[in-house]
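Here is a short walk through a two-chain model. Have a look at it first, and then we'll go through it piece by piece.

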Amino acid sequence: MRKLAVLAKMMIILSSVWVMASSSWAGIKMEIDEQTKGEVGIWMQAWYQWAEDAKDGGEENLNDFMIRRAYLYLKGQVTERVSFFTHLASDRVGQDGLDNSSLGLGSGVAWRDLWITLNLHEAVKVQLGRMYVLIMKE
Amino acid sequence: MRKLAVLAKMMIILSSVWVMASSSWAGIKMEIDEQTKGEVGIWMQAWYQWAEDAKDGGEENLNDFMIRRAYLYLKGQVTERVSFFTHLASDRVGQDGLDNSSLGLGSGVAWRDLWITLNLHEAVKVQLGRMYVPLTRNYGTTSTKCMLTTDLPFLQGGVRSNIFYAQKVGRDDSLCIWGNPLGGLLQYRLMVSEGVEGKTTRDQEVTITTDDGKMAVVEAKTVGGKEVVVSDNPDDSLRFAGRLSLSLLEPETTWFNKGAYLGKKKVLSFGLGLDSQDDLTLNGRDDEDNRVWTADVFFDHPVGAGAVTVEGAYIDIDNCSQNHNYSELKAGDDAENWYINAGYLLPGSIGPGRLQLFGRYETVDVDKRDVAEDFDTEVWTGGFNYYLKGHDCKITADYTHIDQDSDSAIDNQSIITLQFCAGF
């Protein structure tokens with residue numbers, strides 16, 4: 001009963017946090033000169049997960065608290081034609097049995113996204129770096 | 001409500017910080033009080049590289065997209081006499097076959113530079129932390145954000161190679177005393193540091209007899225029950241390094257110099273560097289003393305509306321402390337290395353930017369410890385920078401050819417590199 005009460009309190013606190021959340025990409029904006037501008041922000045997702053028969057080779061249920069995503073972003077433009085985007089990120093920090101710090105997975109921090117875009121025209125942009133694979137919408 | 005009020009106050013403070021930002025050192029400047037100031041910025045270099053016969057043991061060509069450098073910096077001063085500098089960085093993220101997250105190399109993020117400086121006087125500064133090794137100009141003083149060529153010389157870790165001296169991605173954990181006496185006519189840097197620290201070993205080819213009685217060559221971790229030690233420092237002896245430079249035109253007084261000033265500074269600088277660490281184990285031999293000395297010259301001057309940049313260096317290595325991956329230089333060998341860089345910034349703009357052509361010739365002559373003959377490696381590079389906003393935003397492309405000695409086991413190779421660089 002006590003555990004349930006704690007969980008209920010946690011859910012109330014988390015709900016109030018979601019209410020305070022605003023739209024995406026609304027970070028702190030900076031302007032260095034007429035051309036050079038930046039924006040920094042952070043977003044994170046904290047999870048509690050219960051998984052059936054996921055511990056001890058399927059013998060036990062698993063209670064897993066983890067930071068599903070912690071993404072610090074810095075994006076901006078250096079000139080009107082050249083912009084960049086970076087995500088310094090960790091995924092699944094604390095997930096049971098996961099530890100690959102070189103990818104910022106389970107522990108550690110890594111560059112999740114990092115690209116430089118040459119904006120030749122709205123219809124032609126050349127982007128070099130680490131980015132989404134262009135297969136699915138998601 | 002109270003939380004919202006705190007948030008609102010934080011936003012007001014942050015807004016005032018952004019207003020205080022200026023553009024002289026490119027990053028975002030902050031002032032906390034009269035003495036305490038800071039600056040934050042980021043710069044990155046994204047690469048596409050094509051390397052001839054670099055995959056599957058030299059069987060296939062390699063296409064390699066990578067983040068060559070991603071450096072987030074925070075620097076500042078806490079009092080008028082105490083300043084600091086940090087680089088939170090990754091190098092070669094995504095380079096084929098490279099993964100050393102503890103050094104932020106190939107993956108992960110690590111502190112690349114981190115030091116605290118006690119500024120006693122312009123001529124005497126005491127610096128403690130992780131920083132450049134004051135030996136060569138190109139990787140001892142030049143910012144890798146502001147190089148003339150796409151990357152460093154081959155023996156100093158450029159393009160796809162590693163560095164010939166002991167370091168942690170070009171830096172060492174150390175104490176350095178440096179300064180600019182005589183109004184910047186001279187700059188000196190004296191360092192005591194760790195150098196070779198722990199033991200590194202390598203596999204060695206040995207011939208064995210298989211179960212069916214045939215002979216076979218295999219890679220073994222031990223030979224005759226003993227490890228093959230590339231380098232070790234059993235007595236934990238200290239490394240001593242130092243560099244002296246003489247600037248006859250405008251002085252270079254900062255920790256990081258530029259590899260090309262793009263016509264904005266007149267520099268003629270002569271440099272001398274020394275690096276020494278005793279009692280090392282190198283390639284299985286005990287009590288070896290590593291000694292390196294170098295001499296270099298750097299000239300950068302406007303020519304009409306353009307600018308010319310020339311840099312040359314000679315490096316003499318006695319008992320090298322590392323295995324180099326692009327030449328026959330191995331731990332315990334001696335070598336001579338020299339290179340010359342030259343660049344010309346064309347006058348006027350071409351489209352939205354300015355074009356600079358550059359070239360480099362580098363040679364490494366290796367005197368093997370165990371073999372009577374010498375091995376030479378020559379590296380030719382030619383390319384261009386297209387500057388959209390100085391070193392803060394440029395596109396670079398180059399072609400490099402590595403020509404190995406005919407007796408070398410390493411094949412000749414061509415490499416093409418395309419770079420986008422942006423930051424502030």
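## Where the chains meet

How many residues does the contact take from chain A and from chain B? It takes 27 residues from chain A and 28 residues from chain B, where two residues are in contact if their C-beta atoms, placed from the backbone, lie within 7 Å. A word on ground rules: this is a predicted model, so local features need pLDDT of at least 70 and side-chain atom pairs count only at pLDDT 80 or more, while totals for chains, interfaces and linings use all residues. Residues are numbered from 1 along each chain as its sequence is written, and chains are lettered from A and ligands numbered from 1 in the order in which they are written.

On the chain A side, β1 (28–31), β3 (60–79), β4 (82–93), β5 (110–121) and β6 (124–130) each supply at least two residues of the face that touches chain B. β5(A) gives the most, with six residues. Sorted by class, that side has 17 nonpolar, seven polar and three charged residues; here Ala, Val, Leu, Ile, Met, Phe, Trp, Tyr, Cys and Pro count as nonpolar, Asp, Glu, Lys and Arg as charged, and the others, Gly among them, as polar.

## Chain A: one helix, then strands

Chain A has one helix and six strands, in the pattern α-β-β-β-β-β-β along the sequence. Helices (H or I, at least four residues) and strands (E, at least two) are DSSP runs, numbered from the N terminus. The strands form an open sheet in the order β1-β2-β3-β4-β5-β6 (chain A), with antiparallel pairing; strands pair if DSSP finds at least two bridges between them. β1 and β6 of chain A are the edge strands, each pairing on one side only.

Zooming in, β2 (residues 37–55) of chain A runs antiparallel to β3(A), and 16 bridges join the two. W47(A), for one, has M66(A) in β3(A) as its bridge partner. Of the 138 residues in chain A, 21% are buried, meaning that 20 or more other C-beta atoms lie within 10 Å of a residue's own, with exposed at 12 or fewer, partly exposed in between, and C-beta atoms placed from the backbone.

Leaving aside neighbours within four places in sequence, M44(B) is in contact with residues including F84(A), L114(A) and I116(A), plus I67(B) and A422(B).

Chain B comes to one helix and 22 strands, and 42% of its 424 residues count as buried. Its C-alpha trace spans about 80 × 55 × 50 Å along the principal axes.

C320(B) sits in the loop between β17 (306–318) and β18 (334–345) of chain B. Why does C320(B) count as buried? Because 27 other C-beta atoms lie within 10 Å. Beyond neighbours within four places in sequence, the contacts of C320(B) include F164(B), L329(B) and A335(B).
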